[in-house]
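Subject: Structure for you to look at

Hello,

Here is the structure I said I would pass on. Please open it first, then read the notes below it.

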Amino acid sequence: MTETFVPEPGRPIVFRNGTVVTMDDARTVHDRADVLVVDGRIAEVGPALQAPQGTYEIDASGGIVMPGMIDTHRHMWQTAMRAYGADWTLTQYFVWYYLEHGKAFRPQDYWAGNALSTLDAIESGITTTVDWSHGLQSVEHAEAAIDALVRSPGRYVMGFGNIFAGPWEWTADPAYRALIEQSIDDSRLAGVQLAFDVTGDPEFPEKAAFEVARDLGVTVTTHAGVWGATNDDSVRLMHEHGFTTPGTVYVHAATLSEDSYQRIAATGGVVSLSTESEQSCGQGYPPSHALREHDIPVSLSVDTSVWFSADLFSAMRTTLGADRTWEHLTAHQEGETITNSHLRSHHVVEWATRGGAKALGKEGELGSLEPGKLADVVLLKNDDSPTMFPIVNPYGHIAMQAGRGDVHTVLVGGEVKKHEGKLVGVDLPALRSALADTVDHLRSTLGEETWASGMNPAIPKTKVLDNPYMYTEYRTDATHRAYETRAPASVGDEAD
């Protein structure tokens, strides 16, 4: 097998004669143009560029050159169990990971899942990922997670979390806080967030964790609007205590009322949509329609590969489908029809790139192909695939036609991490061995019967209204009532 040639780090690179989707303010698209990368940044974008002597040229003809995509919410450690929970509900996920078996993961298992997930991201054209790392039951687990990230290709934001303790507890641990502070100063990471949820408990015990985030100068990312778990009371408590600050990331935001969306919009919050997850798990109907109505900035995310696709092509596609389904169903129930879709392909491509940069506070560095920005660049090109021609609508092609197999080249900061369809400089056999050890450990620890039954959950005889995992003893049915204000009636329901 011939080894793919890769230019040495620091060498200028130019993509020639591609369809360039810049994602700049004007959404400029060049039909046949070049992208020149010098010293790790975009130097120029345009036709027939003059390149420095010794520049490595990549033929982008017949392909699309676009910014690297940004995933703002991924539980990377769970990639060690890829597709295990394909038939789960959110309740079953909570029970398996949070209440029963999540603590079986050793630090080395956490490392293996993270390392695999980083390659998933790069391979599919995601150059920056938030590791929503909520299984950090010890400092050793956190150290293993970080080690996997900084050894891997790509940019990674470390989202510190711990589902096995209240956020006011683990953020107060001196050793844990020391590691967070150390990570903030670690230039190998693209940033740090604190990742925890707000239950709606009127005592607001999460206040202490928000204060830690404020003291450290980091943003909070939180699962908001999740059926039976987090609701309008969560957002209201954050707002009343002054913690709905600009840049706060609200993941899912599905079962919220107008009041919560208004609070998020008014305070500069951003939302991370995980549409495949919201569709399948039961957090609530994917709320892109509500976010559009309130002009709330949107980014996209994978959530977890224990269930879903590990790429943002799937996220873009399912988001368009969910939004249009909502429009059509609600119109049909009023005896009307939709003749023009509000959500367009260019919107979801923007959410997968610039939207992610905004969510991370990195709009000046990432998310578009503009001179001076970091050279996180993706070339979609597959001359062996009939799916990659003709390219007549670049946004539509990215969102509805292309896939990870069409990712030809990926640059992160000007360095080649994937080229000619192959990852560069990775040891897949060693990673396979580490993952095999993790799976063997989990199967032997749980036992074959438990392992098999967890993968094939029984259909319950009774309905469960509330998800079983909460940080506190507080319970409410407010989520159910809030969602009823936005959910359309089932097709075929008759009026009273």
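How many helices and strands does the protein chain have? There are 17 helices and 17 strands in the protein chain. Please keep in mind that this is a predicted model.

I began with the overall form. Of the 496 residues, 58% count as buried. The protein chain exposes about 20,100 Å², and carbon and sulfur atoms supply 48% of that area. Among contacts with a separation of 6 or more, 76% are between residues 24 or more positions apart.

An unreviewed UniProt entry lists residues 64–416 as "domain: Amidohydrolase-related". Over residues 64–416 the chain is 39% helix and 16% strand, with the end C-alpha atoms 17 Å apart.

Next, the sheet. Eight strands make up an open sheet with parallel pairing, in the order S6-S7-S8-S9-S10-S11-S12-S13. Its edge strands are S6 (69–74) and S13 (298–300), each of which pairs on one side only. On average, neighbouring strands of this sheet are turned by 25° against each other, direction ignored. Helix H11 (residues 312–332) packs on the sheet, where it touches S6, strand S7 (126–133), strand S12 (270–273) and S13. The direction of H11 makes about 80° with that of S6.

Strand S8 (residues 155–160) pairs with strand S9 (residues 191–195) in the parallel sense, over four bridges. Within this pair, Val 157 stands opposite Gly 191 in S9, and Met 158 stands opposite Val 192 in S9. S9 is also joined to strand S10 (residues 219–224) by three bridges, and these two strands run parallel. There, Gln 193 stands opposite Thr 219 in S10.

Why is S9 described as largely enclosed by the rest of the structure? Four of its five residues are buried, so the description follows from that count.

Regards

Definitions and conventions. Residues are numbered from 1 along each chain as its sequence is written. This is a predicted model: local features need pLDDT of at least 70, side-chain atom pairs count only at pLDDT 80 or more; totals for chains, interfaces and linings use all residues. Side-chain values use heavy atoms; hydrogens and water are left out. Two strands pair if DSSP finds at least two bridges between them. Axes are lines fitted to C-alpha atoms, for helices over the stretch in contact, and angles run from 0 to 180 degrees between N-to-C directions. Contact means heavy atoms within 4.5 Å. UniProt positions are given in the numbering used here, feature names are shortened, and annotations may be inferred rather than shown by experiment. Buried means under 20% relative accessible area, exposed over 50%, partly exposed in between (1.4 Å probe, protein chains only). Accessible areas come from the Shrake-Rupley method with a 1.4 Å probe; for residues, only the protein chains shown count as cover.
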